[in-house]
Amino acid sequence: MKKIILLATAALLAAAMRADACTGITLRVQDKGTVVARTIEWGGSNLNSRYVVVPRGYSQNSMLPGGDKGIAMPSRYGYVGLSVEMEQFVAEGINEAGLSAGLFYFPNYGSYEEYDPALAASTVADLQLVAWMLGGFSTVDEVVEAARDIHVVSLDPRASTVHWRITDATGRQVVLEIVGGKMQFHESRLGVLTNSPGYEWQMTNLNNYVNLYAGGAQDKDFGGVRLAAFGAGSGMLGIPGDVTPPSRFVRAAFYQMTAPPCDTTLGAVMQGLQILNNFDIPMGVEFPAGQIPADIPSATQWTSATDIAERKIYYRTMYDSSIRCIDLAKIDFGRVKYRSEPLDKVDRQPVIEVEIR
């Protein structure tokens, strides 16, 4: 266990340096369901992400500082999750009841409780909170109620904090942030989330872009000079294009809200993945010239989209842009064994040659 804690601490300290680049959106299909999609970025090293299948009835305990055993996390519901660094650290997932949850880095703005060993039995590590939610609950209301009785801590106080997006089968979504050791749940009607600053600040900042709209700007007479747009999309002129969390929040909000409605949740999945193409972060952007620390093709290590109504989670990776799907309806969570597999079998983009005869 102590070896695991040391590995976890190393992962957390690495993530604290430059990992705050996750972008999440939500697409709703009238009378058919909700799709939540997101990216996960880290340009410092390969996160060695895996998918985990957790059966109903599986039991685990949270890791805690010093190797202590934390809260018991028996799985009332089976779930599938996508993990980072360690298979226990589920960053995004969905359970068989239709509860979806994911974590997003939240550096310099969140602050957890100090760890108290006397409260170990009701304490969970922040990077295992998604697993706690997915294994134990079916609705946002259940999570909010149960969260009152737990304590969330970091395995290492030097590591970045995170915040969470939680969505259930009704389409209700909340953002959980822990500031000053206190939990704050924000109703997320828009369905967009990035990183720091806090959610309420990000929503307020949208008011700075009240001038943006879909389509093209009208020609204008300017003292006898005709001004006209150079091309399509001039209504979005001025939308921020950098990769900081506030700018990504604004872009995600406007791309999501101007997207045409879909007739099916599968259509929304594909639309969500297309929208998130705009948030891929190439290697080199986050680091000074000549100081790129990792030999990986992208800082966006994977992108996922979860069809909550159909209980399906889709993903693609920096190594393989083909879309893969795990269908929870085809998993017997009462019989399946716990399993953990890498997202990619090989770290190489498949290339299909087109034969000309």
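Me: Before we start, what counts as a polar contact here?

Reply: Happy to set that out, and note that this is a predicted model. A polar contact is a pair of N or O atoms, and within protein one must be able to donate a hydrogen and the other to accept it. Residues adjacent in sequence count only if both atoms are side-chain atoms. The cut-off for the pair is 3.5 Å.

Me: With that in hand, which side chain does the side chain of T26 join in a polar contact?

Reply: T26 sits in strand β1, residues 24-29. Its side chain also reaches the backbone oxygen of G191 at 2.7 Å. The side-chain partner, at 2.9 Å, is Q173.

Me: Is T26 buried or exposed?

Reply: Setting aside neighbours within four places in sequence, T26 is in contact with several residues, including V35, R165 and Q256. The relative accessibility of T26 is 2%. Buried means under 20%, so T26 counts as buried.

Me: Nice. Which strands are the edge strands of the open sheet of 8 strands?

Reply: The order is β13-β12-β11-β8-β7-β6-β3-β19, with antiparallel pairing. An edge strand here pairs on one side only. The edge strands are β13 (182-187) and β19 (339-342).

Me: How many bridges link β12 and β13?

Reply: β12 covers residues 173-179 and pairs with β13 in the antiparallel sense. Within this pairing, E177 stands opposite Q184 of β13. The number of bridges is 6.

Me: What angle does the direction of helix α2 make with that of β7?

Reply: Helix α2 (residues 129-136) packs on the sheet. Its contacts there are with β6, β7, β8, β11 and β12. With the direction of β7, that of α2 makes about 45°.

Me: How far apart are the end C-alpha atoms of helix α5?

Reply: Helix α5 runs over residues 245-258, which is 14 residues. At 1.5 Å a residue it should span 20 Å, and the model agrees with this. The end C-alpha atoms are 20 Å apart.

Me: What do the buried residues of α5 pack against?

Reply: α5 is mostly covered, with 11 of its 14 residues buried. Among them are F249, V250 and F254. These buried residues of α5 pack against β1, α4 (199-205) and α6 (265-276).

Me: Last one: how many disulfides does the structure hold?

Reply: The cysteine sulfur closest to that of C262 is in C325, 16 Å away, so the two are too far apart for a bond. C325 counts as partly exposed because its relative accessibility is 40%. The number of disulfides is 0.

Notes
Residues numbered from 1 in each chain as written. Predicted model: local features only at pLDDT ≥ 70, side-chain atom pairs only at ≥ 80, totals over all residues. Heavy atoms only, no water. Pairing = 2+ DSSP bridges. Helix = DSSP H or I, 4+ residues; strand = E, 2+ residues; numbered from the N terminus. Contact = heavy atoms within 4.5 Å. Axes fitted to C-alpha atoms, helices over the stretch in contact; angles between N-to-C directions. Disulfide = S-S within 2.5 Å. Buried < 20%, exposed > 50% of the residue type's maximum accessible area, 1.4 Å probe, protein only. Expected span 1.5 Å × (residues − 1).
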